[in-house]
Amino acid sequence: MSTTDLTPADFQQLQSGAAAAQTPRPSLSYWADAWRRLRANPRAMISMSLIVFLLAFVSIGPGLWRVDPAAQDLDQIGIGPGADRQVTLAEPFQQWQPSISDIALADNPLGLTLAMPANTQAVRLIWSEQVPQQQPQQTRYRLYRNLFAPKDTGSFGLPLAVVDRSWFEDRLDLQPGTYHYTLVALDADGAETASAVTQAVDVIRVISIAEARQRGLLDAKETAELGQSLELAWHPLGTDYLGRDMLARLMYGGQVSLFIGIFAPLAFVLLGVIYGSVSGFLGGVTDQAMMRFADFVVALPFLLFMILFKVIFGIGPGESGIWPMLVAMIILLWPAPARLVRGQILQIREEGYVSASRLLGGTTSYVVGRHMLPNTLGVILVTMTFQVPSAIFTEAFLSFIGMGVAPPTPSWGAMCNEGIKSMLTRPHELLFPAMLISITVLAFNLLGDGLRDALDARMRGSE
Amino acid sequence: MLKYFAKRLVLGLVTIWFIASATFFGMHAVPGDPLAGDKAVTAQIRANLAAKYGLDKPLGTQYLIYLGNIAKGDFGISYTQENRRVNDIIREHFPISATLGILAIVFAGLGGVLWGALTALYRNRWPDVVIMFLVILGISVPSFVVAAISQWSLVGLNVAAGTTVLPIGGWGSVWHMLVPALVLGLSTMAYLTRLMRSSMLEVVSTDYIRTAKAKGLPATQIFSRHQLRNAILPVITVLGPAIAGITTGGFVVEIVFAIPGLGRYFVQAIQQLDYTVIMGTTVFYGAFLVFMVILVDLLYGLVDPRVRVDQ
């Protein structure tokens, strides 16, 4: 006990409102306090801005980058970001009638020579006819093509053809770049002999004037001459295996992924909240029965039943398969939030303030709406945030095994599924959607951590 | 204790019945017809086929027959592969998935405990920061991307070494299992590391640790005898759900690494609408998971004496 000297002045009545001015700081509501704590958490704030950025990317993005995600650019199939988009004007493709005597053959064992400058229309190869003495019949050859320089006889690459003449015209899916052609002479039984020769060929991208006009690279009136170089349409993140613009597909795919990722948790958490609060509030036998049912649904192997539901609902022609996935998720995932909310409600039901509210004449709906649900809202919000990454993963997983959204609807998971097939030669097709999935999941996970720390005082500091 | 597990077992069986029924009625609601093949068949052949597979009977009878067969452990015959019993398919492919899964669980469990303990030991110092960063990465990157990237790195490794250091796919030797199992266990490992870390940090501030310190026990003994042993308990509880995650996560790894496991077979059966295989595999997996969770609870009772007394 301190001994303060009190004077009669201390006992004078204060003016009304004077005491309030002395409060050191305004009292904070639960939500204002939580918001203040969340703002002090840099990781949560960075994740939040990342999420805002991603939402803008998928919602505003398509308005800024007006490229049809389904349009195919056949001149630029599977190109990486920042790829060379020069194209040279050339004659339209014409049939080739080789006359071997016109061309000086290269100085290699089989005389494999590039007959004309190679371009994306055709690579024309010619070689010397060899007629072995002991085998009067015509020699046959096998021609291989590889993107990499062959190291040994096992790595010649793609067998293009077996021919019995001494020339070959390759028109198979030619892309600008370097190809390594290997010619192997076959013996009478069709087995490969040791005489093989490899030739590297640089292929340049060409387009005929008519094609250029058709694709809008040249105006109808504009004159152009052969050999002139033009620029093809710009794809900042490259194109996929069908020549579709990656950036546009990522934007539209993100719409699907984020839609499922955000709306599925919203829906099943809402369902779970209703179910759980009814169960927890009613209590007794009803509660027991309702929770037993929830236990059974929890026991269903989630991904197996996700796939089953997808099969059951089926996807009609022209449908994207987003709704069946959403419905399946809601059917299977509501029990976890329901259990959580029920536990919370049971706990809160016994709290003093609930009894007080009842005592003061609060109706059931008032008590539930004013006291019980707002007090569980923090936990619900945290659960929902953590459910977003798993919903996005589920969508990605299902699309990855081909049970997700139906092509041509893009989704990040479906794009990964397509990209993984050409992962070794065109990694960008896998990496971009995979990175976006990872960033989204990471952002929601960190935001969830931050929200939990901010909203749930008990959980603070445990992580 | 025994009574508790008898109750669990009964509940487990009811759960399996629920799974089996949900699968049965679900599959029968699928539009389409399992007998609609590529070949045009006459009405007589169709009727014969329907009789062979019991499809001509009313749905209720079919359901009872189906339940009876499941009780006998018979999942029927594949629709798309003639004369191949679903039991044989499971017997042939499940051991492969199980081997991979067990190895993945071992990786995940050992790794999770080790990394979790390390991060707690070096709290807020660089090993903690580095490991937790990797953990966040492990949780955020989808498993198929991890699988693809690790396969890609394997290709790079083999090319750089000039020989096959590790096979990039397929099944056969221990070497085939190593990388797929690691990939399969990775996200579980990341999750367990987080759990282990928070559990370790919780244990550090308990009274019995303080008592052990006050008694003058060496730090290593406190760590191994008291801290680690108690911190591991929550890790064991989540092993049940983790096994579930790993068995289904196996689909992706089996597809990417071309492993002939049951997961890959299941996906194939779905694409071919092979009803009996889908139903059999789902019920089998469901039963497997239900028993795994019970088994883990049993294990938990053995490890933690407090639970034993409580029940």
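In this model, 34 residues of chain B are in contact with 31 residues of chain A, where contact requires C-beta atoms, placed from the backbone, to lie within 7 Å. The model is predicted, so local features need pLDDT of at least 70 and side-chain atom pairs count only at pLDDT 80 or more, while totals for chains, interfaces and linings use all residues. Residues are numbered from 1 along each chain as its sequence is written, and chains are lettered from A and ligands numbered from 1 in the order in which they are written.

Let us stay with the chain B side. Elements giving two or more residues to the side that touches chain A include helix 1 (2-28), helix 7 (174-204) and helix 12 (275-303) of chain B. Helix 1 of chain B gives the most, with 6 residues. Helices (H or I, at least four residues) and strands (E, at least two) are DSSP runs, numbered from the N terminus. By class, this side of chain B divides into 24 nonpolar, 9 polar and 1 charged. Here Ala, Val, Leu, Ile, Met, Phe, Trp, Tyr, Cys and Pro count as nonpolar, Asp, Glu, Lys and Arg as charged, and the others, Gly among them, as polar.

One helix pair spans the two chains. Helix 13 of chain A and helix 5 of chain B pack at an angle of about 120°, with their axes 8 Å apart; axes are lines fitted to C-alpha atoms, for helices over the stretch in contact, and angles run from 0 to 180 degrees between N-to-C directions. The residues making the contact are tabulated here.

| Helix | Residue range | Contact residues |
|---|---|---|
| Helix 13 of chain A | residues 428-455 | S438(A), V441(A), L442(A), N445(A) |
| Helix 5 of chain B | residues 126-140 | I136(B), I139(B), S140(B) |

This contact has 4 nonpolar, 3 polar and no charged residues.

Chain A also holds an open sheet of 3 strands in the order 9-1-10, with mixed pairing; two strands pair if DSSP finds at least two bridges between them. Its edge strands are strand 9 (206-208) and strand 10 (229-231) of chain A, each pairing on one side only. Strand 1 (residues 86-90) of chain A runs antiparallel to strand 10 of chain A, and 3 bridges join them. V87(A) has L230(A) as its bridge partner in strand 10 of chain A.

How values were computed. Contact = placed C-beta atoms within 7 Å.
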